[in-house]
Amino acid sequence: MIVTAPAIPNSGGLADVLNVLLDKGLVIDASVRVSLIGIEILAIDIKVVIASVDTYIRYLEAMQRLEATRRGMIAPPPVPQGITGTYGLLAPAVVAPAMVNPAPLQVEEHQQ
Amino acid sequence: MSLFLHGVVRASHRLPGESRFRLVALEDLAVVVSDRVENRALTDQEATAHLAGLCALLPGGPVLPLRIGTTAVDEAAARAAVLAFTAPVLRRHLDELDGLAELHVRLVFDEDTALHAVYREGTFTLAQGEQIVRDVVVWRRKQADELLAPVAARSVALLDTGEPTEELRALLVPLDHVGAVRAAVAALDGVTATCTGPLPAFHFLDLSPSQPASRWGW
């Protein structure tokens, strides 16, 4: 089948997908005088990261703010701490809205 | 001069004009080669050029990409490389992938939306934070499945980007529908989507033998 192809992706886009294609494609048995040469993949490996503790903490804090909002409480904005600017593990102090409960009416019964 | 080997195509494949590639034919198959400077390590630029060259080959017919950085000492070794595969299997793959291409789609979901979707009460420990991330990933995968189901029949989830709210997929789409698929992806609601391609079908090659080599399964 011969088709009219859309534009070839630009090299910037291809550089982005390079890290997921490096270990793909057909591999030929080296016994037929074919060899594989490596690429400096250090820069590419760095892009492949897993969710880190920073992410866990960030999501925890976001979830706590959600919970506070759902309960109708006002959570103060977090104060960044540490070198990376994470907010810390401790739950922020939750400030409940000021409520004034009327004192129960006390009726003195006079014993006669 | 040694050679870079880029892919396997039909011997009748039309090379694009002014291509630095050439074909080394073997019966009805051919291996796509280019000259290589001896004793030089593969660079990022050469790897990207390898990909760009393979993409440029797609309009001329199906392409089975070889692993980036495959080299041979001469044309005889390049022919031997084709022979190292089972020719009928190569022909079957060329037929199956004729007119198809791989398109990479990156979906970036809104973090607040994701967290609302997986909301749970009483989250105060690191382990629970880890569980939230896992929940977000499950939610993201399900969203991606639903969003991309009308766009392409076959898709493969690629490696994690490190961001729980980002999904990277390879879609197998007809080459002449790539423009329509791009437009459909761009029109998806509730997500920021970008496409890269068309690329050779790297993630849709399966050259593992369908039948065992012997009755013992070896």
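Tutor: A residue is called buried if 20 or more other C-beta atoms lie within 10 Å of its own, exposed if 12 or fewer do, and partly exposed in between, the C-beta atoms being placed from the backbone. This is a predicted model, in which local features need pLDDT of at least 70 and side-chain atom pairs count only at pLDDT 80 or more, while totals for chains, interfaces and linings use all residues. Residues are numbered from 1 along each chain as its sequence is written, and chains are lettered from A and ligands numbered from 1 in the order in which they are written.

Student: Does B:E27 count as buried or exposed?

Tutor: B:E27 lies in the loop between β2 and β3 (29-35) of chain B, where strands are DSSP runs of E with at least two residues and helices are runs of H or I with at least four, both numbered from the N terminus. Its phi is near 55°, a positive value in a residue other than glycine. Because B:E27 has 11 C-beta neighbours inside 10 Å, it counts as exposed.

Student: Which are the edge strands, each pairing on one side only?

Tutor: Chain B holds an open sheet of 4 strands with antiparallel pairing, in the order β7-β8-β6-β9, where two strands pair if DSSP finds at least two bridges between them. The strands that pair on one side only are β7 (154-157) and β9 (191-199) of chain B.

Student: In β8(B), what is the bridge partner of B:V156?

Tutor: Strands β7(B) and β8 (residues 166-174) of chain B run antiparallel and are joined by 4 bridges. Within β8(B), the bridge partner of B:V156 is B:A170.

Student: What angle does the direction of helix α5 of chain B make with that of β8(B)?

Tutor: Helix α5 (residues 126-148) of chain B packs on the sheet, touching β6 (100-109), β7, β8 and β9, where contact means C-beta atoms, placed from the backbone, within 7 Å. Axes are lines fitted to C-alpha atoms, for helices over the stretch in contact, and angles run from 0 to 180 degrees between N-to-C directions. On that basis, the angle with β8(B) is about 25°.

Student: How far apart are the end C-alpha atoms of helix α1 of chain B?

Tutor: The expected span of a helix is 1.5 Å times one less than its number of residues. Helix α1 (residues 44-57) of chain B has 14 residues and so should span 20 Å, which agrees with its end C-alpha atoms being apart by 20 Å.

Student: What is omega for the cis peptide bond that joins B:G197 and B:P198?

Tutor: B:P198 lies in strand β9 of chain B. For the cis bond joining B:G197 to B:P198, omega is about 10°.

Technical notes
Two residues are in contact if their C-beta atoms, placed from the backbone, lie within 7 Å.
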